[in-house]
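The sequence and the model come first.

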Amino acid sequence: MLFFRGDVRAAAETYAEAARIGDQYANVELTTIARTGQGRCLIYLDEVDAGLALLDEAMMAVTAGDVSPILTADTYCTVIEGCRELFDLRRVQVWTSGLVAWCHAQPELVAFRGQCLVDRCEVLQLSGEWVDALAEARRACEHLSTPKPHPPIGAAHYQVGELHRLGGELTAAEAAYRRASAAGHDPQPGLALLRLAQGKVDSARTTIQRVLTETRDHLVRARLLPAYVEISLCAGDRDAASTAAAELADTAAALRAPLLRAMSATADGRVLLARDDAPAALGRLRAAEKLWTDLEAPYELARVRLLIAEGCGALGDHESQTMEARAARAALERLGAAGDLARLDVSHQATVLSRRESEVIRRIAAGDSNRQIAEALVISERTVERHVSNIFAKLDITSRAAATAYAYEHDLV
């Protein structure tokens, strides 16, 4: 009751007292409940290390089989939820695998099996096992819909939507997001990213701005900020993207979670590329590349490598650009990321233009001079000259007329 009234400190102290009583009377169940509750409270009080230590202690009793099945299931779910909120991917992976194994022996616990499948789906999705993830998400929908809908069913539908979106099945994704919303689960940021994939940039921007404005919790905001950065940059709002990336960096610095740091480094790299600071962008993107590699997240890694390719191209290193782009494409093909593959030009993937170069060639095709392009994009004429030189080199052309022809042939105008 204290926790739900908002007095988290008092709740933590009460849980600590309950844990002392449990230890005094060797009541493992009471101690496990109390340590789990105290751990979650300490996390909400920003005492993250102490909170995680208590959650680990609670899980020791669970994995040892010292508590009842119902408490085992509840502790698994509570601890996984707490670690997920903290972007602690390693703990989520470990405890989710343990929960899956335990659930196989507890088929009658429908609600817990359904939540288990939702958690496992997220882990499989990040690991690049999309076929298995979609199967798990669908099983979760089935488990959680009978005999009556259970609360986590909205999260299950959301995961189905995410996997359809990543696979380029946009109509199916939208239907799943709508089912998630109907079940009381906010379909963001997935729905905003779907609008972006559909080319509805204004709609995507309006939606993600509204959601972020309504969200106060810094951890929940952290899940929205990467999408906000990407959408803002597509809408041409570099200042908004920069502000969001800075907020994400602050949260990442506070939590020190590798997943959050990878998200932050990627967002920083995007913003720096948009600001034509390719050297700084590559520094942050290389850091993101290492973090995503360590996290064994192939999709996010492939997307970062595409950004690295863009940065290499901006610096005139077209050989590295080609290698990075090809490696990223191969990874996306293995994953079945049809949505991303559709946005790559298959026949010209070795000479793909950066976002800024695409803006420049569009203005060349419109007949603008270098000075007019510089004024429109708020960059120097010298920077425009460098972009034009890179465009000519990439496309193996020597005139603005040829650039204009290319722009029309490839629907860049």
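A residue is called buried when its relative accessible area is under 20%, exposed when over 50%, and partly exposed in between, with a 1.4 Å probe and protein chains only. The model is predicted: local features need pLDDT of at least 70, side-chain atom pairs count only at pLDDT 80 or more, and totals for chains, interfaces and linings use all residues. Residues are numbered from 1 along each chain as its sequence is written, and side-chain values use heavy atoms, with hydrogens and water left out.

**Single residues**

Helices (H or I, at least four residues) and strands (E, at least two) are DSSP runs, numbered from the N terminus. Contact means heavy atoms within 4.5 Å.

S232 belongs to helix α12. With a relative accessible area of 1%, S232 is buried. Leaving aside neighbours within four places in sequence, S232 is in contact with D237, A240 and A241.

L86 sits in the loop between α4 (69-85) and α5 (89-104). Its relative accessible area is 5%, so L86 is buried. Beyond four places in sequence, the contacts of L86 are I43, V48, L52, L219, L255 and A257.

R40 is part of helix α2 (residues 28-44). Leaving aside neighbours within four places in sequence, R40 contacts L55, T78, E81, G82 and E85.

A393 lies in helix α21 (residues 381-395). At a relative accessible area of 47%, A393 is partly exposed.

For three of these residues, a C-alpha distance to a residue elsewhere in the chain is listed below.

| Pair | Separation along the chain | C-alpha to C-alpha distance |
|---|---|---|
| L86 and L259 | 173 residues | 9.4 Å |
| R40 and L54 | 14 residues | 8.6 Å |
| A393 and H318 | 75 residues | 8.7 Å |

**Helix α10**

Helix α10 (residues 190-197) is mostly covered, with seven of its eight residues buried. These are G190, L191, A192, L193, L194, R195 and L196. They pack against α8 (153-166), α9 (170-182), α11 (201-214) and α12 (218-234). After α10 comes G199, which has a positive phi near 85°.

**Two helix pairs**

Axes are lines fitted to C-alpha atoms, for helices over the stretch in contact, and angles run from 0 to 180 degrees between N-to-C directions. Angles under 35 degrees count as roughly parallel, over 145 as roughly antiparallel, 65 to 115 as roughly perpendicular and the rest as oblique. A crossing is left-handed if the near helix is turned anticlockwise from the far one by less than a right angle, and right-handed if clockwise.

Helix α13 (residues 238-255) packs on helix α14 (residues 258-274) at an angle of about 155°, and their axes are 9 Å apart. The two are therefore roughly antiparallel to each other. Their crossing is left-handed. On the α13 side the contact includes R238, A241, S242 and A245, and on the α14 side it includes L260, R261, M263 and D268. By class, 11 residues of this contact are nonpolar, three polar and three charged.

D268 is in α14. D268 counts as buried, at 17% relative accessibility. Not counting residues up to four places away in sequence, D268 touches A245 and R284.

Helix α15 (residues 278-294) and helix α16 (residues 298-314) pack at about 160°, with axes 9 Å apart. They are therefore roughly antiparallel to each other, and their crossing is left-handed. Among the residues that meet are L282, L285, E289 and W292 in α15, and L301, V304, R305 and I308 in α16. This contact has 11 nonpolar, two polar and four charged residues.

**Nonpolar cores**

A nonpolar core is a set of buried Ala, Val, Leu, Ile, Met, Phe, Trp, Tyr and Cys residues joined through side-chain atoms within 4.5 Å. The largest has 73 residues, and F87, L99, V229, L259, L260 and W292 have the most contacts inside it. Outside four places in sequence, L99 is in contact with Y76, C77, I80 and C116. Apart from this core lies another, of 26 residues, including L124, W130, A140 and A155.

Key:
Ala, Val, Leu, Ile, Met, Phe, Trp, Tyr, Cys and Pro count as nonpolar, Asp, Glu, Lys and Arg as charged, and the others, Gly among them, as polar.
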